[in-house]
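Look at the sequence and the structure together.

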Amino acid sequence: LEDLMAFNDEEVARAIAACRLPLISAVGHEIDFTIADFTADQRAATPSAAAELVSPDATVLTSRLTALHNRLRLQLRQRLERTGSALHHARARLHRLHPGLRLAQQQQRLDELEQRLVRDQQRRQKQQRQHLLGLTARLHSHSPGARIAHWEQRRLALVHRLRRALQARRQGADQRLAASAARLHALSPLATLARGYSITFSRCDGRILTDSTGLAAGDEIETRLARGRLISRVERCLGDEDA
């Protein structure tokens, strides 16, 4: 005990505590404890054990560093895969909701209606021609001049009505197409962005942000504008009660 009293001295203990360099206490035997043991940064049972603490095995350190490196690479790869999958789903959804696709569908519908109109017109014209041929034959069989003039006028009136009906149907189809295009434009997210709104995503997981829940100071966010994007860093999160 007398040999260890120097390490139980208050001045020595305070000097050890105030030292800026890390200290290892390794005095006495394994069963001996001094105040220096409790004020030092680390206690070793023997001087040999202290030497092992300050000079660890390089192989162990290398193995641990390799394991940490592999773990980091695995986590980065998994995060990239999740981000890539989310981006793929977002692109697919954007493609499905793209107004150009809806407009192409409406254009295809308009083409089908136009083809139906042409077929109906051709069918009705054929019927009118057959009917006119029958009337002409009857006129030739009776050969009255007044009836010929009467049927000719009726034929012209029918042709005029047919043309007006065709024009009206085409105008109706054009108006319906214009109305559908206007509704598509009104529902388009690009039109909403053009009116001054924006869409904000979390840079971490790509989700659309509707409130400040789940964000913390230092998180990165991405804001989609009508033209271009903004990358921002959160300084402070405020709730409705703080607004």
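**A walk through the model**

In this predicted model, the second largest pocket holds about 190 Å³ of space. The elements that give two or more residues to its lining are α5 (99-142) and α6 (145-187). Of these, α6 supplies the largest share of the lining, with 6 residues. Among the lining residues are Q121, Q125 and R129, along with L158, V159 and L166. By kind, the residues of this lining divide into 5 nonpolar, 3 polar and 3 charged. The lining of the second largest pocket also draws on two domains: at least three residues come from each of domain 2 (98-142) and domain 3 (145-198).

Next come the strands. Strand β3 (residues 199-202) pairs with strand β4 (residues 220-224) in the antiparallel sense, over 4 bridges. In this pairing, T200 stands opposite T223 in β4. Strand β4 also pairs with strand β5 (residues 229-233), in the antiparallel sense and over 5 bridges. Here I221 stands opposite S232 in β5. A hairpin is formed by β4 and β5, with 4 residues between them. In the turn of this hairpin, G228 has a positive phi of about 95°.

The last stop is I31, which is found in the loop between β1 (24-25) and α2 (35-39). Is I31 buried or exposed? Its relative accessible area is 74%. The cut-off for exposed is over 50%, so I31 counts as exposed. From I31 to Q122, the distance in sequence is 91 residues. In space, C-alpha to C-alpha, I31 and Q122 are 112 Å apart.

How values were computed: Residues are numbered from 1 along each chain as its sequence is written. This is a predicted model: local features need pLDDT of at least 70, side-chain atom pairs count only at pLDDT 80 or more; totals for chains, interfaces and linings use all residues. Side-chain values use heavy atoms; hydrogens and water are left out. Buried means under 20% relative accessible area, exposed over 50%, partly exposed in between (1.4 Å probe, protein chains only). On a 1 Å grid over the protein atoms alone, a cavity is a set of points where a 1.4 Å probe fits but cannot get out, and a pocket is an open set with protein on both sides within 12 Å along at least five of seven lines; lining residues have an atom within 4 Å of a point. Grid points are joined across faces, edges and corners, and a volume is the space filled by probe spheres set on the points. Ala, Val, Leu, Ile, Met, Phe, Trp, Tyr, Cys and Pro count as nonpolar, Asp, Glu, Lys and Arg as charged, and the others, Gly among them, as polar. Domain bounds come from an automatic or database domain assignment. Two strands pair if DSSP finds at least two bridges between them.
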